[in-house]
Amino acid sequence: MDFDIKYNDFRQEVRTYCEEKIAPHAVEVDREQFYSKDVHKVINDKGWWGSIVPKEYGGLGLSTLEYAIIVEEISRVCGSTGLTFAAHNSLGTYPINAFGTEEQRRKYLPPAAERGALIAFGLTEPEAGSDAGGTKSRAEKTADGYLVNGTKCWITSAEVCEYSIITARTSDEGGVHGISSFVIEKGMEGFSIGKHENKLGCRGSNTAFMHFDDLKISDWHLMGKEGEGFKQFMITLDGGRISIGAMGIGLAQAALELAAKQAEARLENGKPISRHQSVQFMLADMATQVEAARLIMYKTAWLKDNGHKHTKISAMCKLYASEVAHYCTDKAIQILGLDGYTERYPAERYYRDMKLCEIGEGTSEVQRIVIAREVLKELAGA
Ligand SMILES: Cc1cc2nc3c(=O)[nH]c(=O)nc-3n(C[C@H](O)[C@H](O)[C@H](O)COP(=O)(O)OP(=O)(O)OC[C@H]3O[C@@H](n4cnc5c(N)ncnc54)[C@H](O)[C@@H]3O)c2cc1C
């Protein structure tokens, strides 16, 4: 397990770039709640929008582990950018590469990788959040394609993306096996963007509704075969959960560093508060948890890169890293005291941004359901 040492130089290079180019925008995008074209370009200059896109389609062809380190380092300086970045790569380019046709790969992956044409992931609906199998959007078969009707909500980058992959029901039979997936494009007749969400955290990421009103698409837009959409999206989320785990670790690491620095700087009777054992214990627990979460993330990414099943450990990675992020961002505010309660310090932003990790891509309760189901299957020898 030489992960940390092997990737030290890579991480350092990514960190320096993020600190120089992304960190200066973090306060503004959060305060003004907008998706920054400048930050988009900064990521594009490194080719990171195509992190896990194979080189033959214009990407960098990085491993999941290297990509997760980039998510972590971006999130360490800006949670909003970390979310947009993770969603585009894990939930956008990954499924097109894994499940799309060769023509779809050739059409969508090069612009996604080479100029950051954002790809959104449309799964959640007003009546289908945790229960994604309850998808109500419909794609009725026509002579040469489909007629899509329905609504998706809380979709990251909905207003700023060029392409989206969405799920819709193509059959009432077979439960989740009646759900298919499609790639659609901005500007198609019958596809519109709805309500923009003003959020608690990750406010520099874009979130909105998508509406399909008699959206006509040809058979070409179907991803894989009819009825495979739900399975494709669940496999995609197995990978996506690694990146939300990485995002949580990035935020936790940032909180730890800030708390340690301020514990030394804050004087009480001329002595730093870091002398108090209670403060040291909080720092020790934060550091230990960040280390453990990062190790789970490394192992999960390694299993994925080496073709092993990773459903259970991906859920563990996301669950644990999210809760570590919660603990660390909370304790950072505690150690900073009133300074943690103001926007003069980023502790409160870390805390607000962290909350997404416990909700998006399956809530913490859903992760526990997934883990328990896998544990019971293993015990039953399935
Ligand atoms: C910032 C942000 C960005 C997002 N981006 C995207 C995106 O790009 N694409 C996308 O498709 N979605 C996106 N989502 C939606 C996200 O995936 C959903 O919020 C999530 O799946 C939970 O669904 P819900 O919010 O409807 O909660 P609900 O399903 O209504 O759950 C509410 C509460 O009930 C609990 N609960 C529900 N069912 C169960 C159960 N069976 N057992 C135990 N507890 C249960 C949940 O754990 C939760 O605590 C985003 C969400 C956020 C906050």
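Modeller: On a 1 Å grid over the protein atoms alone, a cavity is a set of points where a 1.4 Å probe fits but cannot get out. Points are joined across faces, edges and corners, and a volume is the space filled by probe spheres set on them. The model is predicted: local features need pLDDT of at least 70, side-chain atom pairs count only at pLDDT 80 or more, and totals for chains, interfaces and linings use all residues. Residues are numbered from 1 along each chain as its sequence is written, and side-chain values use heavy atoms, without hydrogens and water.

Biologist: How many cavities of 30 Å³ or more are there, and what volume has the largest cavity?

Modeller: The count is 1, and the largest cavity has a volume of about 60 Å³.

Biologist: What makes Trp 49 a lining residue of the largest cavity?

Modeller: A lining residue has an atom within 4 Å of a point. Trp 49 is therefore listed in the lining, as are Tyr 35 and His 40 among others.

Biologist: Why is the lining of the second largest pocket described as having no polar residues?

Modeller: A pocket is an open set with protein on both sides within 12 Å along at least five of seven lines. Ala, Val, Leu, Ile, Met, Phe, Trp, Tyr, Cys and Pro count as nonpolar, Asp, Glu, Lys and Arg as charged, and the others, Gly among them, as polar. This lining has 8 nonpolar and 5 charged residues, so none is left for the polar class. The second largest pocket has a volume of about 230 Å³, and Arg 76, Ala 254, Glu 257, Pro 346 and Tyr 350 lie nearest its centre.
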